[in-house]
There are 2 protein chains.
Amino acid sequence: MQHHGIKPSVQRIAILNYLLTNHTHPTADEIYAGLSATMPTLSKTTIYNTLKLFSDAGIILNLSLDEKNQRFDGCIQPHAHFICSCCGKIEDFFPEEEIFALPESSGKEIHKVEISYYGICHSCKCR
Amino acid sequence: MQHHGIKPSVQRIAILNYLLTNHTHPTADEIYAGLSATMPTLSKTTIYNTLKLFSDAGIILNLSLDEKNQRFDGCIQPHAHFICSCCGKIEDFFPEEEIFALPESSGKEIHKVEISYYGICHSCKCR
DNA sequence: ACCACTTTTGTATTCGTTACAATTTTGTTT
DNA sequence: AAACAAAATTGTAACGAATACAAAAGTGGT
């Protein structure tokens, strides 16, 4: 965190820690629900502020795979996602790295790549 | 449209036509702005209803690449997008088809694949 | 012309996110 | 330690895209 010019605080550490230990691609609300038990005074605005701070600094990812909510990912290794439209589960995938580079470098500067597969997962299909 | 069990109407034809001729990946609002000139009584609800009808039927794509708005695409050939964070421009890409299939078919049923590259485009970089 | 059914429309509501100002915390200087 | 400036946190209010809902208009068949 410090290496990115961000001063640590109790709230910031808690939020980053939540993202690094819960690989659930949570929304701001889910993070709030998860942390407010132990930090009752935590404000939702702080969560939004902090998430923006972190994602601008590149230490977390702001995912747009969910059209209803912003979702956040503490794993910044290039990876893809599978989203089950039925149960909502989000799975991580790690395809070959080549996919994450632009085919031809046409003078573009790439900051983020998002690869999302939408469909029905195995267990939802059989139910 | 009829082949997908959707009855055509003046509004539906206009909305589909807008998406097939404008490759701008518009929001519902942008479609409304573009059509209300010639169809003054067109309602925004109709646009939302119709876009949902079309994307559920698979004749258009509901893109989640923009975290602020739903965006829609009349081009349903598998393709990727580049989004310039500076000027907002959205470009189409057509990588090899293999990318759009799941690496290993793990019993999943894929309905949609979204591949988005976020960054700065050439002209914004030089300005 | 009548009727049932579908589509469209406008308004009201919801809810995730942001704006903003006040309060609290942190770090530094004297 | 006290005082001060700067930064972070908090709560409330506001915004706006998307949805819910009921009324109105349109469509097709008898």
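By class, the surface near DNA strand C comprises three nonpolar, 12 polar and four charged residues. The model is predicted. In this model, 19 residues surround DNA strand C. The closest are Gln70(A), Ser9(B), Ser43(B), Thr45(B) and Thr46(B). The most come from α3(B), with four residues.

DNA strand D is likewise surrounded by 19 residues. Here the closest are Ser9(A), Ser43(A), Thr45(A), Thr46(A) and Gln70(B). At least two residues of the surface near DNA strand D are supplied by each of α1 and α3 (44-57) of chain A and α2 (28-36) and α3 (44-57) of chain B. The largest share, four residues, comes from α3(A). The surface near DNA strand D divides into three nonpolar, 12 polar and four charged residues.

The contact between the chains involves 31 residues of chain B and 31 residues of chain A. On the side of chain B that touches chain A, the elements giving two or more residues are β5 (109-120) and α4 (122-126) of chain B. The most come from β5(B), with 12 residues. By class, this side of chain B has 14 nonpolar, 10 polar and seven charged residues. Of the interface residues of chain B, 100% are also interface residues in chain A, so the copies meet through the same surface.

Strand pairing also links the chains. Strand β5 of chain A, residues 109-120, pairs with β5(B) in the antiparallel sense over 11 bridges. In this pairing, Lys112(A) stands opposite Tyr118(B) of β5(B). The two strands belong to an open sheet of six strands. The order is β4(A)-β3(A)-β5(A)-β5(B)-β3(B)-β4(B), and the pairing is mixed. At the edges stand β4 (90-93) of chain A and β4 (90-93) of chain B. Each has a single partner strand, so one side of each is left without a neighbour in the sheet. From one strand to the next, the twist averages 25°.

Within chain A, strand β3 (residues 80-84) and β4(A) run antiparallel. Four bridges join β3(A) to β4(A). His81(A) stands opposite Asp92(A) in β4(A).

Helix packing was examined in chain A. Helix α1 (residues 10-21) of chain A and helix α2 (residues 28-35) of chain A pack at an angle of about 110°. Their axes are 11 Å apart. The angle makes α1(A) roughly perpendicular to α2(A). On the α1(A) side, the contact is made by Ala14(A), Ile15(A) and Tyr18(A). On the α2(A) side, Ile31(A), Gly34(A) and Leu35(A) take part. The residues of this contact divide into five nonpolar, one polar and no charged.

Definitions and conventions:
Residues are numbered from 1 along each chain as its sequence is written. Chains are lettered from A and ligands numbered from 1 in the order in which they are written. This is a predicted model: local features need pLDDT of at least 70, side-chain atom pairs count only at pLDDT 80 or more; totals for chains, interfaces and linings use all residues. Axes are lines fitted to C-alpha atoms, for helices over the stretch in contact, and angles run from 0 to 180 degrees between N-to-C directions. Angles under 35 degrees count as roughly parallel, over 145 as roughly antiparallel, 65 to 115 as roughly perpendicular and the rest as oblique. Two residues are in contact if their C-beta atoms, placed from the backbone, lie within 7 Å. Ala, Val, Leu, Ile, Met, Phe, Trp, Tyr, Cys and Pro count as nonpolar, Asp, Glu, Lys and Arg as charged, and the others, Gly among them, as polar. A residue is near a molecule or strand if its C-beta atom, placed from the backbone, lies within 6 Å of it. Two strands pair if DSSP finds at least two bridges between them.
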